[in-house]
Amino acid sequence: MTSSSNPVPPISTALVPYDPTLPHVSLKAHLEAAADRAVSHSFEVAKFESQHLSLEGRLIYLAQNLPKMLPFPFSGVIALQSGDGFIVQACHCPNQAEFTTDQTFNALSVGKLFTATAVMQLIEDGKFSLDTPLSELLDEDELDLPLQPPYLEQKPDQQSLKSLKEHSAEITVEHLLSHTAGFTERPGSEEDGIAPGESWDRGQIGKDSYSNYGYQLLARIIGKHTNSGNLLVIDHEARFRSHIEERIFKPAGMDGAIREIHSSAKQRPECFEMSEDGVATRVESIEPYPHGNGCWRMTASDLLAFGRAIHQHHVLIREDSFNTIMEYKGRLGFWVDHDKETGAVAGYGHPGGGPGMSSFFHTWQTSPPITAVVLSNYSGCEMVKPELDKLIQQ
């Protein structure tokens, strides 16, 4: 029994992944290791809660010690900021080449926040409204996007696209932003050689179903209707990327993201899928490229800069636009948490996940607000957010 005034970590046996094909690793040993790990996490959380630290001290403690407080392995950069004040960052890269807090990672679907912000900017510019039908913004041929791998395999099938073109007047910008435009998940079939992707069903308009293709359509709308970039360029994807750089990255001060766009030397960490037992398997796959669904490369401090800019209401979007996003009945690009008792906004952000990569951005509406960013070259780090919920909202 240890004293609460001078706690010490429990002695732990080696954490050996359970593999039934290896006779020397018993189920008992596996369960003992899992129990040891749970005790270790509980100890770290208890130690954190007993520190009676200042807000700055708590954030520093979390940045430096959070991996020991998680029920799963972690690799990446953790960055936290209190309001517009102090920032703390820490990098954790076990059993691999070292990287620093300046390392760029793929922010994955967190980048949907940039697409949603760009849409609100064009609404403020008077280009269209949330109620504008898709048919008024894109021609029929423009609904069939010229995507490249790894997105090409996930496009809606031709029958879905044909139906989408016939009924595009029934879909609005609001539907696309809120993932209610009728796109649904299409399971793959190895037997029939069908890759998983998305389908479109008129009967699903208004029903929530997360859609990458819907956000890729928003990118084409932004590229077609923006005044950013060379107006003589017909490539809507290029003009979309120009809009994001000129009207989001630059005014927000996201210097790492801008450097990544124009740099030919890409220093990228290896990516790993993590099993439930904590075994890392290296991932070799085509990295997703920036599009309306996200997948911009940047540093954690870039996302903190975006977080500061988005709530200042004069840098990226107006206060009324921000309030529209926060008060929406579902998710209008931003995933908004509400207090269960009062219904007030408790926080907002977005997660991201891909093969051997994961991310999240979230701002808790505490006093002062706290923003956390995690970028990882392991799968599953978006699950850090529920763990931080418990610690930050104490």
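This is a predicted model: local features need pLDDT of at least 70, side-chain atom pairs count only at pLDDT 80 or more; totals for chains, interfaces and linings use all residues.
Residues are numbered from 1 along each chain as its sequence is written. Local features need pLDDT of at least 70, side-chain atom pairs count only at pLDDT 80 or more, and side-chain values use heavy atoms, without hydrogens and water.

Me: Why are helix 3 and helix 6 called oblique to each other?
Reply: The axes of helix 3 (residues 112-124) and helix 6 (residues 212-225) cross at roughly 40°. Angles under 35 degrees count as roughly parallel, over 145 as roughly antiparallel, 65 to 115 as roughly perpendicular and the rest as oblique, so this pair is oblique.

Me: Why are helix 3 and helix 9 called roughly parallel?
Reply: Helix 9 spans residues 300-310, and its axis crosses that of helix 3 at roughly 30°. The pair is therefore roughly parallel.

Me: What makes the contact of helix 3 with helix 9?
Reply: Leu113, Phe114 and Thr117 of helix 3 meet Leu303, Phe306 and Ile310 of helix 9, where contact means heavy atoms within 4.5 Å.

Me: Which residues make the contact between helix 3 and helix 6?
Reply: On helix 3 they are Lys112, Thr115, Ala118, Val119 and Leu122, and on helix 6 Asn212, Tyr215, Leu218, Ile222 and His225.

Me: How do you know that Lys112 lies over the face of Tyr215?
Reply: A charge sits over a ring if NZ of Lys or CZ of Arg is within 6 Å of the ring centre and within 35 degrees of the ring normal. Lys112 lies at 5.9 Å from the ring centre of Tyr215, over its face.

How values were computed:
Axes are lines fitted to C-alpha atoms, for helices over the stretch in contact, and angles run from 0 to 180 degrees between N-to-C directions. Helices (H or I, at least four residues) and strands (E, at least two) are DSSP runs, numbered from the N terminus.
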